[in-house]
Amino acid sequence: MFVYPKSYEVIVLGAGHAGIEAALAAARMGCQTLLLTINADTVGQMSCNPAIGGLAKGHLAREVDALGGEMGLATDLTGLQFRMLNSKKGAAVWAPRAQCDKKAYQFRLKWVCEREPNLDLRQAQCAKLLFRDGAVYGVETTLEVQYLSQTVIVTTGTFLKGLMHIGLNQQSGGRAGEAAATGLSASLREAGLELGRLKTGTPPRLLRRSLDFSRTEIQPGDEPVPYFTHWKDELFHVEHSGGALREMFHVEHSVVPGSGTYPPGSILARLNGQLPCFITYTTRETADLINANLHKSPLYSGIIQGVGPRYCPSIEDKIVKFPEKERQQIFLEPEGVATDEIYVNGFSTSLPFEVQVGLVRTIIGCERAEILRPAYAVEYDFAFPTQLHPSLETKPCRNLYLAGQINGTSGYEEAAAQGLMAGVNAARRVRGLPPIILGRDQAYIGVLIDDLVTKGTNEPYRMFTSRAEYRLLLRQDNADLRLSQLGCDIGLLPERRAAQVRAKRQGVDAEIARLESTRVGSETLAQLLRRPEVAYADLPERNPDLAPDYVQQVEIVIKYAGYISRQEDEIAKFRNLEDKQIPATFDFATVPSLRPEARIKLSEIRPATIGQASRISGVSPADISILLVWLKRAGGRVSPPGADQRSNSTP
């Protein structure tokens with residue numbers, strides 16, 4: 001046994017989207033951090049669709065960026081198409097989405113990790129965790145090397161006892177071509193965690209030249225580009241965008257020298273524009289072929305035991321569960337500018353390869369399609385997330401944190417959000433500081449984590465705007481105004497960025513005040529702007545020098561003022577319960593009036609506040625009323641919690 005001579009403060013297992021954000025957050029907060037990955041060539045790999053954002057997921061990515069994470073910058077520099085979804089609907093559901101060059105994205109994140117001070121990236125597979133006195137103190141690899149650390153963050157994605165399925169063929173692995181982590185599950189159980197089994201899948205990749213795009217509908221990107229990062233000025237400075245990005249691979253595309261339209265070194269700059277995606281549909285032949293081969297599907301033959309994602313079903317599920325639909329929409333999306341692989345969005349399957357060959361050719365425009373990579377399903381272990389504190393530290397084992405798909409979520413953005421918060425809280429544990437807990441009224445990240453640790457999940461969890469009660473205040477456009485000062489206060493976001501946000505807030509407030517006080521005839525400019533048909537650009541005395549993002553905030557705040565005020569009142573009532581803390585030592589078994597189901601659920605989850613207790617499935621309003629009475633009777637604290645329960649960021 002070899003004990004590595006350098007001791008760490010934070011060790012992160014897994015270099016996917018959760019692991020990268022966790023490791024960068026801890027390192028940027030000053031902790032000596034080790035990032036271990038099974039394969040250093042797949043750091044930041046986009047295992048499924050090479051896309052970031054989408055409905056609610058775009059909100060999470062913007063929040064990660066506002067706090068000081070890396071996902072937004074990486075997306076903007078490596079994206080090949082950008083769109084703002086739901087732009088014809090209300091501002092609360094606008095959602096940025098980017099199709100990325102998957103290799104450029106992966107290489108840039110590896111490049112960032114390799115050059116981050118305080119962060120060591122190493123290739124090794126963790127065999128087990130090291131425990132002592134109910135706490136983790138390091139890890140041991142398959143090469144019998146021990147790395148010691150004060151905290152450990154596990155972000156293993158789909159690799160925990162991963163098993164891939166293509167028809168009746170099964171292969172051990174967390175991703176096509178990569179080995180599974182086979183020993184770590186036992187170590188997690190030894191730590192006291194209960195594990196379950198989930199399933200996800202990915203569609204086939206097709207060869208571009210075998211497709212007939214003339215039979216599909218073109219889907220261009222949006223201009224001007226709806227970037228993810230709030231720090232757009234940094235995108236256009238080579239020292240921030242990473243000049244080495246240009247040299248990572250050669251791409252045969254012309255670039256307009258000095259055009260300045262797109263960030264230097266970015267994929268868009270090399271293309272001098274955006275690549276289109278394409279919309280097409282399945283046919284009746286698709287359904288017929290699937291129905292004729294359902295008995296060969298491991299999903300329907302009972303071979304796959306893990307629960308699959310409800311909101312990203314396989315094509316088999318779509319055909320079986322929605323037989324009345326004559327066709328299913330499919331998106332053909334490029335995987336990069338230096339590859340001819342096409343991602344078939346909406347066509348995930350685990351049917352045998354010989355069935356897949358015929359199946360893809362039933363899609364309009366794909367009649368002569370050639371499969372470059374077959375589709376497959378993958379089963380993997382996960383830990384039931386109600387075993388976590390809101391800080392993402394495990395309840396059974398101190399100093400052990402979990403983030404990403406190991407907590408039952410699906411998606412890069414959900415993983416990145418958890419990873420960032422786990423990294424922040426592990427770093428704060430090392431420094432002897434209380435954890436940062438975002439509330440449901442502060443961020444989609446807060447909604448995500450609260451749902452996981454309070455309600456739990458037995459299927460892959462996906463974020464939606466409908467999960468956020470206060471979504472009008474938690475918009476993607478104001479993530480910086482909500483979270484950037486907090487990111488700066490905890491040492492994650494540079495002061496120069498926080499200063500930009502403070503200036504933005506002051507500028508927006510000043511312009512709103514001017515519009516409220518300036519009259520044109522009998523009405524103020526603000527009253528004119530509240531009219532649905534009037535935009536800021538239509539105002540007679542508008543400020544032509546006001547930045548576009550300032551204008552957007554001014555319009556939204558004024559037009560939605562009544563709704564925003566109503567939601568702020570709801571938040572005040574919400575905080576009344578959320579600020580009533582339940583002592584960690586409170587014994588729910590001493591409350592005889594609680595219903596048995598409520599007593600069991602409360603004892604298992606051990607909510608930190610009355611508000612959290614009220615959101616547990618099986619706990620009724622009557623149970624909450626009884627709990628409040630007994631807390632007072634037992635002398636329990638029902639005063640506002642300290643910083644360990646809630647961050648002090650401004651919504």
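Predicted model: local features only at pLDDT ≥ 70, side-chain atom pairs only at ≥ 80, totals over all residues.
**The whole chain**

The C-alpha trace spans about 75 × 75 × 55 Å along its principal axes. A compact globule of 651 residues would have a radius of gyration near 26 Å, and the value for this protein, 25 Å, agrees with that.

Next, show the surface. Its accessible area comes to about 25,700 Å², and 52% of this belongs to carbon and sulfur atoms. Of the 651 residues, 59% count as buried. Among contacts between residues at least 6 apart in sequence, 73% join residues at least 24 apart.

**First stop: Val-12**

Select residues 8-13, which form strand β2, and locate Val-12 within that strand. Is Val-12 buried or exposed? Val-12 has a relative accessible area of 0%, and is therefore buried. Now display what surrounds this residue. Leaving aside neighbours within four places in sequence, Val-12 is in contact with several residues, including Gly-19, Ala-22, Ala-23, Leu-35 and Ile-153. Thr-155 is also among the contacts of Val-12. Although Val-12 and Thr-155 are 143 residues apart along the chain, their C-alpha atoms are separated by 7.1 Å.

**Second stop: Ser-210**

Move to the loop between β14 (205-207) and β15 (217-219), where Ser-210 lies. Ser-210 has a relative accessible area of 11%; because buried means under 20%, this residue counts as buried. Which backbone oxygen does the side chain of Ser-210 reach? It is that of Leu-207, at 2.6 Å. Then select Arg-368, Ala-369 and Glu-370: Ser-210 is in contact with these residues, its neighbours within four places in sequence being left aside.

Select residues 479-489 to highlight helix α14, which is mostly covered. How many of its 11 residues are buried? Nine of them are. Among the buried residues are Ala-479, Leu-481, Leu-483, Leu-486 and Cys-488, and the charged residues Asp-480 and Arg-482 also belong to this buried set.

Finally, select Gly-491, which follows α14 and has a positive phi, near 90°.

Technical notes:
Residues numbered from 1 in each chain as written. Heavy atoms only, no water. Rg over C-alpha atoms; globule rule 2.2 N^0.38 Å. Buried < 20%, exposed > 50% of the residue type's maximum accessible area, 1.4 Å probe, protein only. Contact = heavy atoms within 4.5 Å. Areas by Shrake-Rupley, 256 points an atom, 1.4 Å probe, with all protein chains shown as cover. Helix = DSSP H or I, 4+ residues; strand = E, 2+ residues; numbered from the N terminus. Polar contact = N/O pair within 3.5 Å; in protein donor to acceptor, adjacent residues only side chain to side chain.
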